[in-house]
Amino acid sequence: MEYRTAAPDMVHEIYHVLQTTIQTIYPKYYPNEVTGFFCGHHNKEHILDGIASGNMGVLLYDSQIVGTGCLDENHITGVYVLPAYQNAGCGSYIMDCLENEIFQKYDTAVLDASLAAVCLYEHRGYQTVGHGIYELENDVKLVYEIMEKKRKANQRKI
């Protein structure tokens with residue numbers, strides 16, 4: 001596995017990872033309106049913005065993009081792994097890379113957790129510090145957990 005900074009020529013593969021993961025996993029936890037919201041949000045323009053920021057990365061497994069992660073300062077804004085590669089350490093590897101980058105500058109990592117990912121983040125030492133609600137069409141509410149993880153005392157900041 002290799003995690004590297006995303007490049008503009010990867011937009012189609014990243015889009016495939018995002019859309020496949022959302023359409024496969026989210027319907028198990030959320031109504032159609034939420035799945036549709038995330039699919040619409042993670043469009044190619046949004047991906048290109050993430051790439052342009054320099055804060056989006058991809059996980060390569062046998063030279064194939066199987067996952068992606070993104071951050072904004074100390075906020076992890078997204079981690080997605082193709083369903084076929086989940087439960088194989090790919091998401092943890094991406095999280096290790098993002099946390100290492102964050103803890104070089106900050107004492108706390110923050111993320112907004114989908115219902116599908118809360119347990120993964122809890123196992124990594126994140127704690128829920130709040131709940132968010134985003135109102136969608138048809139009176140549907142997207143509910144998510146706001147989670148934080150503190151830098152360990154032995155992790156050095158630069």
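Cysteine 97, at 22% relative accessibility, counts as partly exposed, where buried means under 20% relative accessible area, exposed over 50% and partly exposed in between (1.4 Å probe, protein chains only). The structure is a predicted model, in which local features need pLDDT of at least 70 and side-chain atom pairs count only at pLDDT 80 or more, while totals for chains, interfaces and linings use all residues. Residues are numbered from 1 along each chain as its sequence is written, and side-chain values use heavy atoms, with hydrogens and water left out.

Zero disulfides (pairs of cysteine sulfur atoms within 2.5 Å) are found in a search of the whole structure. Cysteine 97 is in no disulfide, and the nearest cysteine sulfur, that of cysteine 90, is 11 Å away. Cysteine 70 is buried, with a relative accessible area of 14%; the closest cysteine sulfur to that of cysteine 70 belongs to cysteine 97, at 14 Å, too far for a bond.

Six aromatic pairs are present; rings of Phe, Tyr and Trp (its six-membered ring) pair if their centres lie within 6.5 Å, and planes under 30 degrees apart count as stacked, over 60 as edge-to-face and the rest as tilted. The rings of tyrosine 26 and phenylalanine 38 have centres 5.0 Å apart and planes at 75 degrees, so this pair is edge-to-face. Both tyrosine 26 and phenylalanine 38 are buried. Phenylalanine 37 and phenylalanine 38 also form an edge-to-face pair, at 5.3 Å centre to centre and 75 degrees between the planes.
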